[in-house]
Amino acid sequence: MIERLSLRLRIFLFFAFIGLGSCAIIIAALSFALGRIGADATPHLVLFGGMSCFAILLLNGYVWQKFDLNVANPIDMMVKDVRTLVHAGAQQDLDSETGKYLGFLNPAIREISQALVEAREETEKQVTEATALANRQKRRLETILHDLDQGVLICNLENKILLYNRKALQILHVSGDLGLGRTLYSVVSAAPFRHALDRLHNRFEEGRHKRHKEGLSALIIGATADGKHTLQGRITLIINSEETQATGFIVTFEDITNQLAENVERDRLLHQAMIELRHPAANLQATAEMLAGDFDFDADTRKHFETLLVRETHSLSASIEAMDTKSHQLMAGAWPMSDVYSSSLFNCILRRNASEDLTLTCEFVGTPVWLHCDSVTIVELVEFIMRKVASHTGLRVFQLSANRTGRKIYIDLYWHGEMVTMSQIDSWLDEPLDADLGEITGRDVLDRHKTDFWSTKTPDDMVHVRLPLAPARDHHEDDMEIEREIIPERLDFYDFDLMERTNLAEVQDTPLRALTYVVFDTETTGLEPSNGDEMISIAGVRIVNGRIMRGESFDHYIHPGRSIPAASTAIHHITNDMVAEAPPVEEVLPKFHKFVSDAVLVAHNAAFDMKFLSLKEKQTGLAFTNPVLDTVLLAAHLQGQTASLTLDTLAEQFGIEIPPEVRHTALGDSLATAEVLLRLIDLLEASGVKTLRDAVEVEKKAAAIRKQQAKY
Amino acid sequence: MTKSILVVDDETSINFALEHLMKAEGYNVATAHDGNEAIDCVDQTHPDLILLDVSLPHKDGYEICQALRANATTQNIKIVMMSARSRDIEIEKGMAMGANAYLTKPFSLGAVTKTVKDILAQA
C-alpha cells in the first residue's frame, strides 16, 4: 500500500508521524505528572503541554519543508529526468542546481547519465554501420519492385497487406492511400483470390506442391474491388524456412482489361470482315463466271454484267479500306510495353555498348521525351544497329536524339559519313540481336512495335537512321520531378513485421508498440465546435509497428462553409482564399474514414478534434468508433498534472524538432504528435502500461483528475 | 514529247491492267516484274515516271527508290509507290525514301491516272 504513494507524500507522512507522536508522548507525560502533583497544577501543565506541542509541530513542519525542498523534491525531479533520459532517449542535460544539498548524488547521476548518453551514441553508431549494409540491400529490392511493370502485393495469412509497389496502386486505381495493414479484399474482389489461396493451402498441406509443376503458385484471374478492371496474375504462398507452415502470400498482377477488350474487338472485326468480304466476293464470282461463261448475251445484258463487275469491285475495295483503318487502331500495344524516358533509354544503350568489344562514342542531342516501348529490345536494336553501322563505315562517333512530331516519337541515330542502304539495313534486321534474347531479330522487334526503320540523308549532309515509336501513354511532367516524388515515399510502402501478427481484432490486448495508429490533427475556424466553428483542414499519418509511414499521409483542406476569423488565420495561416476551392466536409471525411480504417485514433487533446468529427456524424453518415488515445492525457499520467503538456513543451523535452513553417499545420502537428506518441509509448511500457487496455485505463484516471482540477 | 512510264509489279494482272491503262492515256509504257529487272529497265529506257510496287522479288520498292535517288542520272525520275502496306509508318517510309506519291492497294484506275497526270504536270 505505502509503496504506491509518492516519495514526497511518504516523507510528509513520516514527519507528520514524528510530530504527532511527540505530541502524544508529551500529553501522556503531563497526564502522568498531573496525577502525582494534583489538580492545582492543571493550568500550568496545560500551558506547558500546549506550548511544547506547538513548538514541536512548528519545528517539525519547518524541518519537513526544508527536507522536502532540498531532498525529496530534487530526488523526485532527478528520477523523472533520469527516466526520460533512459526510456525516451532525449539527450537533455540534468540541471546542476537540482539537489545541490544532496552531496555527490547529483554529480554522480550526471556522470552516469553522461556515460549512458555516450554508451547509447556508441551503440547507435554500431547499429547504424551494421544496418547500412542491410539498407543497401533493401534499397536494391525497393528499386526492383519499383521498376517492375507488374503490380506486387505481399500479404500475411489474415490477408493484410504488408507490401505494395507503385504499379499496384496504379493498376488497382488507388490514389496513394492503400494503407499497410489493410485487407487485400478492400482492393480486389475476394472470391477468386480466396479460391486460389484455398487450393494452394490444400496443395501445401498435402505436400503436393513438391511435385506440382507450379509448386506453390497458381494463375489467377480476378478484378478490382469495384469490378471495373480485370486482373491477371499469379498468387504464390510464402512458407517458413522449415517449410512447415505458410506465413503469407505474394500476388503479382497486371491489368488486362484493355487487352481483353482488344481481343474481343479483334474477334468481332474478323467475323465482320468475313461477312463483309463474302458478299462482294460472291457477287463478283457470279458476275465474272457469267461473263466468262459460254452464254449468248445481247449487248445490253453484257453491259449490265460489266457495270455490276465494276460496282462490286468498288464495294470490295471500300470494305477492305474500312476494315484496314479499324485494324490499325487495334495493332498498337499488342506487345507488353511501358513508358520510358528517352535519356534513360540512351544511357542504357551506352551501358550496353560498353560491354561490347567495339566501344563507341555517342552524344545525346535535343530535349529528352517520354515514349512507350519495350525498352529491353529497343536498347538491343539501337545498340546493334549502331555497332553494325560502325563496323560498316569505320566510324566511332554518333549522335542520338529523340523528338516528338505529331503522334510519333522519332529515335534518330546520326553520323557524318557513308550512307547505309536499305538493303544493308534489311540484311542486319534479319540477324538475331543477342544470344540472351534468343532468336529475336531486329525485324521481330520492329514488328512488335508495329514500326519500321529507314536510313536517309539529312539536309546538312549527315546520315541518319530513323526509328518511329509511340509516345508515352501516361502524362509525365518532368523526369527529375518524378524521381523526387518517388524516392522518399517508396521507403514506407512495406512492413514485413506485420507477417508475425496473427489476430488484429484483439486490439485491446495488443502491445502498444504493435498497434496501427492514425495520428491526426485538425485546424479549425475557432475553438467552439458547438457554436458553429468548423474544420478547415484535416491531416493524419499512419504508424505501423512503431514506424511512422511518411509515404502514407492524409492532408486535405476543407471548405468550412463560412469565413475564417482573422484571429484563427493568425495561428494557422490558412486564409479564406486557400480553402475557396477545397471540397466540403461531406467529401473529405469519407476519405479520411477510409484512410483511418480500423486503426487507433490519436490526437493531442483528442477530445477537441473528436468533437468536430462527432458533430459531423449526421451530415456525413460516418461514425468514428475506433479506440482513441490522447497524448495530453498519456503525458499527464507520466509527468504529473502540474507539468506543462503543450505539444511544443513535449516536443522540446523529447528532442523532437518541429520546423516553424509546419507548426500549426494539420500535417506538421500530426507528425510532431506521432513522434511524441512513440516516445510516450517507450515511457508507458517502462511504467508498466503495456497494452491498449492499460493505456485507456490510465487515460481515464488522468482525465478524472483533470476534471476535478477544473472545478477549482 | 510523249512521256514514258515504267510499270513495276510482280502481280501480272495489275501489271497488265496498268500497262494498258497508261497506253490508253497516251504514254510510252515499259514493264518490269522484279527489282533487278526494274533497275535494268530504268537504265535502258530512262522513264519519266515509275509506277513502283513495294513488295518485289530481289529488291524491294524502298530499296529501288533509295538507289534511284542516290544516283545523279536517275534522281529526278518521278516515282509513284504502290503497295498493300497501308500503315502510316509504311507510307512515311516510302515518302522518306523519295517517292513523289504513295498509293495504297486496292486503288481505282481513275486515282492512278489522276496521280500520274498531276505529278508529270509538276515536272
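In this predicted model, a patch of negative charge on the surface is formed by A:D294, A:D296, A:D298 and A:D300. One of these residues, A:D294, is placed in the loop that runs between α6 (257-292) and α7 (299-331) of chain A. A:D294 has a relative accessible area of 81% and is therefore classed as exposed, the cut-off for that class being over 50%.

Chain A also carries a surface patch of another kind. A:L9, A:F12 and A:L13 together make a nonpolar patch of about 240 Å². Within this group, A:F12 belongs to helix α1, which spans residues 7-37 of chain A. The relative accessibility of A:F12 is 37%, so this residue counts as partly exposed; the class covers values between the limit for buried residues, under 20%, and that for exposed residues, over 50%.

Attention now turns to chain B. Its secondary structure comprises five helices and five strands, and along the sequence these elements follow the order β-α-β-α-β-α-β-α-β-α. Of the 123 residues in chain B, 53% are buried. Among the contacts in chain B with a sequence separation of 6 or more, 59% are between residues 24 or more positions apart. The accessible surface of chain B amounts to about 5,500 Å², and carbon and sulfur atoms contribute 50% of that area.

Note on methods: Residues numbered from 1 in each chain as written. Chains lettered and ligands numbered in written order. Predicted model: local features only at pLDDT ≥ 70, side-chain atom pairs only at ≥ 80, totals over all residues. Heavy atoms only, no water. Patch = residues over 30% accessible without salt bridge, like charges linked within 9 Å, V, L, I, M, F, W, Y side chains within 5 Å. Areas by Shrake-Rupley, 256 points an atom, 1.4 Å probe, with all protein chains shown as cover. Salt bridge = Lys/Arg side-chain N within 4 Å of Asp/Glu carboxyl O. Helix = DSSP H or I, 4+ residues; strand = E, 2+ residues; numbered from the N terminus. Buried < 20%, exposed > 50% of the residue type's maximum accessible area, 1.4 Å probe, protein only. Contact = heavy atoms within 4.5 Å. Lys, Arg positive; Asp, Glu negative; His and termini not counted. Charge placed at Lys NZ, Arg CZ, Asp CG, Glu CD.
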